Amino acid sequence: WSGDELLYRGPAGEPNLWAAFFHQPAELSVQPALLSRALRQGQFFETDKHEVVYGAYRGVIQGYGGIPLQQAAQGRALVRRNVVLREAFAQKLRRTAELLLGADHRWLAVHVRLSDKACEAKANFEISDEDLFLRIVSQCAAWRCTGVFLCTDDAVLKARLRACLEGTGLAFSVYPSTLSSVSGQATHFDKSLDQYLKAEDVVMEALLMATACHGLLSTYSNVSAS
């Protein structure tokens with residue numbers, strides 16, 4: 001994320017582009033002492049809107065609604081035209097798909113975003129395990145899926161849903177992604193975890209859902225929107 005071959009670079013003082021993604025713009029342009037004083041004195045305003053955000057946060061923030069079909073088609077076309085995987089990573093993706101999502105099953109991708117998402121999508125936290133179970137089973141029946149590929153930032157939920165789905169006849173698979181061990185802690189904000197590994201993990205899960213599964217059942221999330 002700080003290589004010379006990258007098209008985009010991090011701002012001055014933060015050459016690592018991945019690390020820069022998790023800073024507010026003011027953190028990169030204002031001295032820490034001045035920023036802290038402004039925050040203490042209430043000299044700021046908060047916003048979750050921006051006129052140039054692609055898709056206007058649909059599918060990401062609960063109040064903005066779902067993703068329209070036309071927008072989804074535009075997004076897919078944009079990615080096909082501009083995103084190319086490195087060959088080594090593409091090979092790893094193929095090997096992982098064969099290992100985790102093979103066995104002649106028709107896979108339903110399920111993405112449940114929790115941890116720190118409550119401020120953007122309270123609905124994600126109002127879904128019970130029973131709700132998830134019933135929706136997964138009914139969606140598998142509707143799409144004739146025989147396997148469930150679960151992606152979530154909550155390790156405990158993975159174990160609970162695996163137990164719930166036992167006995168249904170559905171295959172169950174997860175990617176061994178790096179997750180925070182701190183309850184409610186978003187993995188991408190956990191500085192004790194390797195930044196490159198957790199970045200690779202989320203890209204791998206997103207691509208597995210997109211390329212090796214028949215369809216997607218998802219809560220509000222940046223990952224599923226991408």
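A: Start with a polar contact: the side chains of Ser221 and His111 are joined at 2.9 Å. This is a predicted model, in which local features need pLDDT of at least 70 and side-chain atom pairs count only at pLDDT 80 or more, while totals for chains, interfaces and linings use all residues. Residues are numbered from 1 along each chain as its sequence is written, and side-chain values use heavy atoms, without hydrogens and water.

Q: What makes the pair Ser221 and His111 a polar contact?
A: The term needs a pair of N or O atoms within 3.5 Å; within protein, one must be able to donate a hydrogen and the other to accept it, and residues adjacent in sequence count only if both atoms are side-chain atoms. The side chains of Ser221 and His111 are joined at 2.9 Å.

Q: Why is Ser221 called buried?
A: Its relative accessible area is 1%. Buried means under 20%, exposed over 50%, partly exposed in between (1.4 Å probe, protein chains only). So Ser221 is buried. Ser221 sits in the loop between β4 (215–218) and α9 (222–225). Helices (H or I, at least four residues) and strands (E, at least two) are DSSP runs, numbered from the N terminus.

Q: Why is Leu134 called partly exposed?
A: Leu134 has a relative accessible area of 47%. Leu134 lies in helix α6.

Q: Why are α6 and α7 called oblique to each other?
A: Their axes come within 10 Å and cross at roughly 55 degrees. Axes are lines fitted to C-alpha atoms, for helices over the stretch in contact, and angles run from 0 to 180 degrees between N-to-C directions. Under 35 degrees is roughly parallel, over 145 roughly antiparallel, 65 to 115 roughly perpendicular, and the rest oblique. The pair is therefore oblique.

Q: Which residues make the contact between α6 and α7?
A: On α6, Asp129, Leu132, Phe133, Ile136 and Val137; on α7, Leu157, Arg160, Leu161, Cys164 and Leu165. Contact means heavy atoms within 4.5 Å.

Q: What makes a set of residues a nonpolar core, and how many residues has the largest one?
A: The members must be buried Ala, Val, Leu, Ile, Met, Phe, Trp, Tyr and Cys residues, joined through side-chain atoms within 4.5 Å. The largest such core has 17 residues, and Leu108, Val110 and Ile136 are among those with the most contacts inside it. β1 (107–112), α6 (129–143), β2 (147–152) and α7 (155–165) each give two or more residues to this core.
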